[in-house]
Amino acid sequence: MLNKIKSSKGIVTAVWVLGLIVIWEICAFIVGATQRTPVNVLPHLYQIIGSFFDPKPITGSGDTIATLVFSSAAETLSRALIGFVIGMLLGYALALFMHLSHIVEKIAFPYLMIIQMIPILGMAPIVLSITGDISSARIVIAAILTFYPVSTNTLAGFKSVGRERHELMKSYGANKFQLYVKMLIPSAMSYFFTGLKISAPMAITASILVDTLQGGNGLGCMLSQSLKGSMTRFVFWDIVIFSAVIGVLSFYLMGVIERAISPSKRKIKKLNNGKD
């Protein structure tokens with residue numbers, strides 16, 4: 001019974017969440033005892049959650065914190081999603097081309113490394129100057145941050161297939177198309193989703209960060225306005241927690257999709273359920 005409790009992912013997650021709540025509340029009490037200004041430098045969680053459901057408007061147009069966060073999130077997350085999908089498709093296609101041709105891999109891989117090494121703060125103005133449009137620039141940046149993890153992890157998945165499996169497929173008379181469809185692509189699926197799990201939260205975080213740099217509408221813009229004092233500071237904390245939750249959910253969503261479409265993941269899940 002004790003081993004089942006220790007191996008339960010739900011219980012482990014609950015312990016981690018409870019630990020974070022305890023640490024947050026301890027820090028909130030410590031910060032509150034220092035009597036800094038503004039008073040709520042680090043509000044308690046119940047204050048942040050309560051402010052999110054407060055019906056009192058905080059803008060001249062009558063928006064509450066909840067409506068403001070959700071409307072801003074719709075713009076930020078839509079751009080992040082478009083960029084994520086574009087980066088996913090291009091990253092997978094490049095990984096396929098790099099595996100098909102070593103020349104393509106040698107040419108493309110150094111550029112992938114260079115792109116990954118450029119910080120978002122330096123990338124944002126470059127992309128904006130090229131696209132000339134704020135919304136397009138944010139989509140491109142989300143696509144770039146998705147592109148690298150997907151392409152490199154998928155390529156690693158293609159290369160993880162042993163030579164003996166290649167020889168076995170060739171002994172059955174499989175051509176190159178059948179080799180990829182029957183063996184390489186299914187074998188690389190877990191690596192592909194690893195790239196998606198890494199890049200999904202990154203795309204969201206990048207979209208929020210670029211919002212803070214370039215203005216306009218979005219979660220990052222609301223963060224900046226809240227920090228500058230143009231609206232209640234609770235907007236800042238509500239967006240921080242909301243963004244963190246969305247980032248974590250995007251990671252788990254990739255795992256749910258992987259288990260739904262990957263036969264090997266379904267088999268492992270059935271075996272684990274059978275053991276229980």
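Colleague: Over the ring of which residue does the charged end of K197 sit?

Modeller: This is a predicted model, in which local features need pLDDT of at least 70, side-chain atom pairs count only at pLDDT 80 or more, and totals for chains, interfaces and linings use all residues. Residues are numbered from 1 along each chain as its sequence is written, and side-chain values use heavy atoms, with hydrogens and water left out. A charge sits over a ring if NZ of Lys or CZ of Arg is within 6 Å of the ring centre and within 35 degrees of the ring normal. The charged end of K197 is 6.0 Å from the centre of the ring of F251.

Colleague: With which residue does the side chain of K197 meet in a salt bridge?

Modeller: A salt bridge is a side-chain nitrogen of Lys or Arg within 4 Å of a carboxyl oxygen of Asp or Glu. By N to O distance, K197 has such a partner at 3.0 Å, namely E258.

Colleague: Is E258 buried or exposed?

Modeller: Buried means under 20% relative accessible area, exposed means over 50%, and partly exposed is in between, with a 1.4 Å probe and protein chains only. K197 has 21% relative accessibility and so counts as partly exposed. E258, at 3%, counts as buried.

Colleague: How many salt bridges does a search of the whole structure find?

Modeller: Side chains of opposite charge can pair when their charged atoms come close. E75, R79, R138 and D211 are linked in a network of such bridges. For the whole structure the search gives a count of five.

Colleague: With which residue does D211 form a salt bridge at 3.2 Å?

Modeller: The closest N and O atoms of the pair are 3.2 Å apart, and the partner of D211 is R79. D211 lies in helix α10 (residues 189–214) and its partner in helix α4 (residues 65–100), so parts 132 residues apart in sequence are tied together. Both members are buried: D211 and R79.

Colleague: Which residue forms a salt bridge with K159?

Modeller: In this pair the closest N and O atoms are 2.5 Å apart, between K159 and E105. K159 lies in helix α7 and E105 in helix α5 (residues 102–117), so the bridge ties together parts that are 54 residues apart in sequence. K159 is partly exposed, at 46% relative accessibility.

Colleague: The side chain of S151 reaches the backbone oxygen of which residue at 2.9 Å?

Modeller: S151 belongs to helix α7 (residues 134–159) and is buried at 0% relative accessibility. A polar contact is a pair of N or O atoms within 3.5 Å; within protein, one must be able to donate a hydrogen and the other to accept it, and residues adjacent in sequence count only if both atoms are side-chain atoms. The S151 side chain reaches the backbone oxygen of Y148 at 3.0 Å. At 2.9 Å, the backbone oxygen reached is that of F147.

Colleague: Leaving aside neighbours within four places in sequence, with which residues is S151 in contact?

Modeller: Contact means heavy atoms within 4.5 Å. With those sequence neighbours left aside, S151 touches G91, A95, M98 and L112.

Colleague: What is the geometry of the W24 and W237 ring pair?

Modeller: Rings of Phe, Tyr and Trp (its six-membered ring) pair if their centres lie within 6.5 Å; planes under 30 degrees apart count as stacked, over 60 as edge-to-face and the rest as tilted. The count by this rule is ten aromatic pairs. For W24 and W237 the centres are 5.7 Å apart and the planes at 80°, so the pair is edge-to-face.

Colleague: How many residues apart are W24 and W237?

Modeller: W24 is in helix α2 (residues 9–33) and W237 in helix α12 (residues 234–261), and the separation of these distant parts in residues is 213.

Colleague: Which residues form one aromatic cluster?

Modeller: The cluster contains residues of two kinds of ring, Tyr and Phe. Its members are Y92, F158, Y180, F192 and F193.

Colleague: How many helices does the protein have?

Modeller: From the N terminus on, the elements run α-α-α-α-α-α-α-α-α-α-α-α-α. There are zero strands, and the number of helices is 13.

Note on methods. Helices (H or I, at least four residues) and strands (E, at least two) are DSSP runs, numbered from the N terminus.
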